[in-house]
Amino acid sequence: MEANASYLESVSKQFLYYKTLGEKAIHQLEPEQLFTAANEDSNSIATIIKHLAGNMLSRWTDFLTTDGEKEWRNRDVEFENDLKTKEAVLELWEKGWNCLFNTLNSLQPQNLSTIVYIRNEGHSVIEAINRQLAHYPYHIGQIVFYAKQIKKENWYSLSISKNNSQNYNNEKFAGDKEMKNFTDDELKRLQ
């Protein structure tokens, strides 16, 4: 059971890390920049957030008892940009993440082998969590990349900044070896 509890703690920290990365990128932009799309086939950051929230609400609502693709979800509408303000975007962002974290925090180690369904495909809870832990960072990466392109200058780096890898490694190796989640230091650095 200890490994299962450790897994739940680890994935919770990783989801929080990616949420924080997205927020740090979003907050570097002017409100209107959230609605910028490179072309008709590209999504704005606001649209990506709308999709993420729609996915989170569908997947994490009644997670253990109903299919993760809810009948009320209209995925295609998630890609129609009808959000008009930064406040509306951030409200939807928080709604999705709150749903995820409330569900994740309610899971018990013994739930991890339970079978849940996404579009009638069975997954262990671990597999379902891992599926989302791959999906959401994919979109967070899009948000960060796009935000950096839109911002163009005065970008606050969200990772090890250029030409600073050696300093970063020297700092890491100067300390003693210890067991901890990589996000512990990264979340502090992003604050």
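Which residue with a positive phi follows H2? Asp62 follows H2, and its phi is near 50 degrees. The model is predicted: local features require pLDDT of at least 70, side-chain atom pairs count only at pLDDT 80 or more, and totals for chains, interfaces and linings use all residues. Residues are numbered from 1 along each chain as its sequence is written, and side-chain values use heavy atoms, without hydrogens and water.

Helices (H or I, at least four residues) and strands (E, at least two) are DSSP runs, numbered from the N terminus. Helix H2 covers residues 45–60, 16 residues in total. Its first and last C-alpha lie 22 Å apart, close to the 22 Å expected at 1.5 Å a residue (1.5 Å times one less than the number of residues). H2 is largely enclosed by the rest of the structure, because 16 of its 16 residues are buried (under 20% relative accessible area, 1.4 Å probe, protein chains only).

Strands S1 (residues 115–118) and S2 (residues 121–124) run antiparallel and are joined by 4 bridges; pairing requires at least two DSSP bridges. Val116 has His123 in S2 as its bridge partner. The two strands form a hairpin with 2 residues between them. In the turn, Arg119 has a positive phi of about 55 degrees.

The lining of the largest pocket contains 8 nonpolar, 4 polar and 2 charged residues. Here Ala, Val, Leu, Ile, Met, Phe, Trp, Tyr, Cys and Pro count as nonpolar, Asp, Glu, Lys and Arg as charged, and the others, Gly among them, as polar. Helix H4 gives the most to this lining, with 5 residues. A pocket is an open set of points on a 1 Å grid over the protein atoms alone, where a 1.4 Å probe fits, with protein on both sides within 12 Å along at least five of seven lines; lining residues have an atom within 4 Å of a point.

Note on methods. Buried < 20%, exposed > 50% of the residue type's maximum accessible area, 1.4 Å probe, protein only.
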